[in-house]
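Visitor: I would like to go through this model with you, one question at a time. Please give the cut-off behind each term when it first comes up.

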Amino acid sequence: MKLPFHIIQLLKRRSGSDLRLPSDCEFLSLDIGSKTGVRIGATTLKRLLGFAQDEREPHASTLDAIARYLGYAHWEELLQIDDQGNSNFEAVDGEVRSVDLEVDATVAITYPPDRMLRLRYLGDCRYLIVASENSKLLVGDKVEIFNFVPHHPLLVVDVWRDGKALGQFTAGRVSGLSSVVVL
């Protein structure tokens, strides 16, 4: 199975690699492993990116790891994104996508039981936490987020605190985000 074109484009963007050569899959394998905690072999990635002709279906856990790496909760959620060619992907109702925001825009979110975050957009899917109530994310943390979707968990791809990478973080695992507002 080869991944759809638009998902390969997302992988290129996320990894910062053109993924033009089979050897690029080694780097991608390490990057996915460091960001998700799941190791996907370079050979599997070569198949998925079309460098090797093999129609075997990948394991569901492999596809879920790719989805998490790209900022989605699971593979099925990632598949809901249609490839719109040169245009943008269709947004889900109420979804706020980082690529659509202006630098310095502020996003306010709430999620149960009584958590609130305000994030200032820095560009390139990165945010600075400017207000935090009852959250494990703290004022001053920098985070990488692709999108905010009401009633879905918030997947923070990376958290940096005091210059140190802390890894992935999920907010609102059970009930999702209660509100998403661009201020």
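Visitor: Is Asn134 buried, partly exposed or exposed?
Guide: The model is a predicted one, in which local features need pLDDT of at least 70 and side-chain atom pairs count only at pLDDT 80 or more, while totals for chains, interfaces and linings use all residues. Residues are numbered from 1 along each chain as its sequence is written, and side-chain values use heavy atoms, with hydrogens and water left out. Buried means under 20% relative accessible area, exposed means over 50%, and partly exposed is what lies in between, with a 1.4 Å probe and protein chains only. Asn134 has a relative accessible area of 47%, so it is partly exposed.

Visitor: Where is Asn134 found, and what is its phi?
Guide: Helices (H or I, at least four residues) and strands (E, at least two) are DSSP runs, numbered from the N terminus. Asn134 is found in the loop between E4 and strand E5 (142-144). Although Asn134 is not a glycine, its phi is positive, at about 60°.

Visitor: How are the rings of Tyr121 and Tyr127 arranged?
Guide: Rings of Phe, Tyr and Trp (its six-membered ring) pair if their centres lie within 6.5 Å, and planes under 30 degrees apart count as stacked, over 60 as edge-to-face and the rest as tilted. Across the whole structure, a search finds 2 aromatic pairs. In the pair of Tyr121 and Tyr127, the ring centres are 4.9 Å apart and the planes stand at 50°, so this pair is tilted.

Visitor: Which residues form one aromatic cluster?
Guide: Both Tyr121 and Tyr127 are buried. Tyr127 also forms an edge-to-face aromatic pair with Phe148, at 5.4 Å centre to centre and with 90° between the planes; this pair links distant parts of the chain, with Tyr127 in strand E4 and Phe148 in strand E6 (residues 147-148), 21 residues apart. Phe148 counts as buried because its relative accessibility is 0%. The one aromatic cluster is formed by Tyr121, Tyr127 and Phe148.

Visitor: Why is helix H3 (residues 42-49) described as largely enclosed by the rest of the structure, and what is included in its cover?
Guide: Helix H3 is largely enclosed because 6 of its 8 residues are buried, namely Ala42, Thr44, Leu45, Arg47, Leu48 and Leu49. Taking contact as heavy atoms within 4.5 Å, what covers these buried residues includes H1, helix H2 (24-36) and helix H4 (60-69).

Visitor: With which residues is Ser15 in contact, leaving aside its neighbours within four places in sequence?
Guide: Ser15 lies in helix H1 (residues 5-15), and it is buried because its relative accessible area is 9%. Its side chain reaches the backbone oxygen of Lys12 at 3.4 Å, where a polar contact is a pair of N or O atoms within 3.5 Å; within protein, one must be able to donate a hydrogen and the other to accept it, and residues adjacent in sequence count only if both atoms are side-chain atoms. Beyond those sequence neighbours, Ser15 is in contact with Phe27, Leu28, Asp31 and Tyr69.

Visitor: How many helices and strands are in the chain, and what is its radius of gyration?
Guide: The chain has 5 helices and 9 strands. The radius of gyration is taken over C-alpha atoms, and the globule rule is 2.2 Å times the number of residues to the power 0.38. For 183 residues the rule gives 16 Å, and the chain is close to this and so as compact as a globular protein of that length, with a radius of gyration of 17 Å.
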